[in-house]
Structures are given as C-alpha cells and as structure tokens.
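Here's a friendly walk through a protein and the small molecule it holds. Have a look at the picture first, then read on.

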Amino acid sequence: MRKLLIILVIGCITAGAALAQTARPGDAGLGDPYFPLLGNGGYDVQHYTIDLTADVEDNTVLATVTIDAVATQALSAFNLDFLGFFVADVTVNGKRVVYERDGREMTLFLKEPLDEGEAFTTTVTYFGVPGEGVADPYDVFGLGWANYGDGVFVASEPAGAARWFPANDHPLDKATFTFRITVPEEYVVAANGLLRETRAARGGMMTYVWETEYPMATYLATVNIGDFVRQEDEGPDGLPIRNYFPAQLAQRGTRVFENQPRMLALFSDLFGPYPFEAYGAVVVDTPLGFALETQTLSLFGREVLSVFSFGRDPQSVIAHELAHQWFGNSVSPASWQDIWLNEGFATYAQALWIEHERGAEALADYMRGLYAYISSPALQDPRIAAPGSPPPEALFNPSVYQRGGWTLHALRLRVGDEAFFEILPTYYQRFAYGNATTEDFIAVAEEVSGEDLDEFFRAWLYETEVPPVPEMGLPPVIEDEELEQAG
Ligand code: TRP
Ligand code: ZN
C-alpha cells in the first residue's frame, strides 16, 4: 500500500513535469545536411488542402492553404517554408496569429501554446504572381509554379514547393493532399491523385477537385492548367490510367504512351505492386527539356511527342518517370544527399525495360555504352563523380543518374540475378510510403545476399574513380578485344 502510494506520488510528479514542459519554437529546418532550412521541426503535417484560383493570363493566384498537422513537441511557435506572395491572413485553430517572414521561413507565433501530440489546423491566405520578387537561396532547379503563356505546370524538385504554397518542404514530412483549383472554364486542370469533382464556379469559372489518399512529398505536388484532352487506359489489376495531352497532340500522345500498361506490369512484377490509386502522364504544350515524376501523374514537355525527344527514345524517359513512383515517390530519400536512390534506380529501370523488350544482348550493349560514359573524364571529375555525395548545387548531375544506375547493375553482377531480384522488392516493400537512406539500401543488399558489401558500395558510391566491372559480369572492354583477336 505504502509502496503504491509512493509510486502514485512519483507518477503525479512526473506527469506534472510533463504538463509543465515549456513550449518552445519548432526548429527552422529538419536537419538535412544539404539544405538545413528545408522543412521545419516540431510538427508533422497530415493533410494539405490547396484551394487556389488561377488567372492564367495575368499569371496571378489567390489561394487559401489549410494544413492539418500534429505537434511533435510542445510548441510556442513554428515555421512554414514559404516564399513570395502577399500574405493576407494566417490562422491557427481558427484564430489569427502574428507571423514574421524571413526568406524561405515564415514563423507563426502562438498565443496559446500547443501540447505535444496535439492536432491543429493552420490556414494561410495569399495572393500575387508566383516567384515575383523572390530571391531563393535554394533555387537549384525546382521551379515551382511555371506559367508558359497558354497554361501552367508545377515542377518543384527539390525545393520549389515553397515557391507556390506554404509547406513543411522536405520529403521527410509526407502528407495527403486535396486540390481545389478554380480556372476560367476554357481550361482543364490535372493534378495528383483522382479527379473527384468538376463544378461550375462564379464568373464563368470551373473548379476541379483532385485528391490523393497516399502520402506525398511536397516536391511531387503538381497542378497543370491547359487545353488538355483526357485519355484513359488501364494498367495491371484494373489500375486507372489517365493521361492528359494538349488537344492538338492527343493522337500522337496516345501512341507514344501506349506502353505504360506493360511497363506497369513489368515494374509491378520486379519491385512490388504499384503504390498509388492511379497513374498517367501529363504532357504540357511547351518544350521543357526535362520530365518529372510528379506523383501519380508524371510531367513531360511536348518534346516527348517529337521524334527527337531528349535526343533519345521517349520510351526510356517514360519508363524512368514511371519507375520513380516506386523509387523516389513511395520510397522517398531521407535526405537530398541520397538522391541516387531516386535517379540511379529510375535509370536502371530504363535498362530493365530495354532488357525486357529486347533481351540480354541489348541490355549488355546498353550497359557497355553507359560504362564508357561514366569512365569518361567528364564524369570522373572529382566534383561530381561520386553519386553518393553529389554537390548540393548539382544534385542532378549525370553521375547520380548513370553511375548510380551502373551501381545497381554492378550489384546484380556481383550478387547474381537471384539475390538481386530479391533485393529490389525487399528494399521496396520495407520502405514503401516512407523514407530510406543509402545505408538502409546497403543493409538490405547485405541481408538478402549474405555478403559484406561495404567496400563494394564505398567504391561505387563515394570514390571518384569508377570501379572495375565485377567478375562474373559482362567484361565490356576485354570481351570486345578478345572477339577481335579471335576473329
Ligand atoms: N527527377 C527528374 C527526373 O526524373 C529531374 C528533375 C529534378 C527535375 N528536378 C527537377 C525535373 C525539376 C523538372 C523540374 O529526371
Ligand atoms: Zn529521374
């Protein structure tokens, strides 16, 4: 009895101490070594509702973004990442709050602190020209909202999301999304997830409601406004495919993208079931020179429909963006330094598609060509050579893609097909809908193969010099010479 009393007293004291735990401001970043100010500490976003009216001609937007989040510490203040615009109103749990803006950081000061574990709702109402007057230290590549005259696309990897909506802008904090996008009725809107509703709004406007029930990193959110035709198709297990093509290019689009169901079938076999509620492509009517794996709806420029797409076969780019839905989107990098986990994997998936379509010899040819490329002086430049530690200002350099992709092929040659094709789905399934580090991948490769691969990965990912091709694999150069000698 007495003992119990003591325990009760101690219990009360600790509970009291927890309650009295003083609320403090959340961190201004999430600790990414490459981009310390990306994301914010102290809360975890559950859902974004982006209610946005776009004037395509004037390139202005008026928006209210509602952020449902849970505090992960007692909070007296917290930050959002947000750049540009005029902010009209900011509320937390329905009450106006005082805020301050400094570059990418917007700090909201709470009159009543939030408890750890408490759910809360923030709204930000803003308007203006996206990107206007914005000086962004992290403007590496992510554009954010881009108006090309006849329409709009949104491409934000890695740091562009904060250039069009207030966010916890780091892939470590994924959330579900609702988009309510209002545009003049001559336009069509394509965003992530499923189109739930199209309804007439005031003044000859239309509102498109899109929604995704799967967690998504902020950089993968996209809104596309244009003169689109929607074309439907079906993937494995009845997966809905919806493609959006510029109206006058729709026929060509249908043909160029007709392999998507077969690519979906291949990658579902090799990696695991397709992660989301739908897939498709949006082709915007402007030349981009790049594509982006925006979740459930990959984004392409109109050059993908021309014969000289990217100077190469458009099927490769189509396979690449699709593969990112597993690697990059479902399994997200834990930090931007891990970007090869996205780009190396999507690049090797292109090779897997080639192998599937044209056989082992075609794969060997393709990998041989890539090996010559990654061994060239340009790619062995010490500034970019190591795909596991690209410079922050050149995250998407060719070594991350091509040598990152070759790292997986080298792993396959090293451990053999059986282990390799068990490593991929094991890694995928273990980290699906979450985040992974390079160490996580290496650990799975070692676990499945039963081999010590530390030295292997160190040489491929972190050294300047390209390692030799593992033994049992295709010996690219030697074989050619031998053949010549034999002939
Ligand atoms: N991830 C893209 C790809 O699949 C490349 C990319 C990075 C990108 N940042 C971007 C494309 C910003 C468009 C906009 O290769
Ligand atoms: Zn990619």
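## Ground rules

Two strands count as paired if DSSP finds at least two bridges between them. Strands themselves are DSSP runs of E with at least two residues, helices are runs of H or I with at least four residues, and both are numbered from the N terminus.

This is a predicted model, so to speak of a local feature here takes a pLDDT of at least 70, side-chain atom pairs count only at pLDDT 80 or more, and totals for chains, interfaces and linings use all residues. Residues are numbered from 1 along each chain as its sequence is written, chains are lettered from A and ligands numbered from 1 in the order in which they are written, and side-chain values use heavy atoms, with hydrogens and water left out.

## The eight-stranded sheet

With pairing defined, take strand 5 (residues 86–92) and strand 9 (residues 119–128): they run antiparallel and are joined by six bridges. Phenylalanine 86 has phenylalanine 127 of strand 9 as its bridge partner. Both strands belong to an open sheet of eight strands with mixed pairing, in the order 6-5-9-3-2-12-15-14. Strand 6 (95–96) and strand 14 (194–201) sit at the edges, each pairing on one side only.

Alanine 190 has asparagine 224 in strand 16 as its bridge partner. Are the residues on the two faces of strand 16 buried or exposed? They are all buried: Val223 and Ile225 on one side, Asn224 and Gly226 on the other. Buried means under 20% relative accessible area, exposed means over 50%, and partly exposed is in between (1.4 Å probe, protein chains only).

## Around the ligand

Now for the small molecule. Ligand 1 is surrounded by 13 residues, and the closest are Glu157, Phe290, Glu293, Glu343 and Tyr401 (near means that a heavy atom of the residue lies within 4 Å). This shell divides into seven nonpolar, two polar and four charged residues. Nonpolar here covers Ala, Val, Leu, Ile, Met, Phe, Trp, Tyr, Cys and Pro; charged covers Asp, Glu, Lys and Arg; the others, Gly among them, count as polar. Strand 20 (291–292) and helix 4 (314–323) each supply at least two of the shell's residues.

Which side chains have an N or O atom 3.1 Å, 3.3 Å or 2.8 Å from an oxygen atom of ligand 1? Glutamate 321 is at 3.1 Å, histidine 324 at 3.3 Å and tyrosine 401 at 2.8 Å. The protein covers 96% of the 370 Å² of accessible area that ligand 1 has on its own (Shrake-Rupley method, 1.4 Å probe).

Most residues other than glycine have a negative phi, and most peptide bonds are trans. Glutamate 157 and proline 158 are joined by a cis peptide bond, with omega about 5°. Proline 158 is in the loop between strand 11 (152–155) and strand 12.

Aspartate 237 isn't a glycine, yet it has a positive phi of about 55°. You'll find aspartate 237 in the loop between strand 17 (228–234) and strand 18 (240–246), and its relative accessible area of 84% makes it exposed. Tyrosine 433 also has a positive phi, near 65°. Tyrosine 433 lies in the loop between helix 8 (417–431) and strand 23 (435–436) and is partly exposed, at 36% relative accessible area.

Technical notes
Polar contact = N/O pair within 3.5 Å; in protein donor to acceptor, adjacent residues only side chain to side chain.
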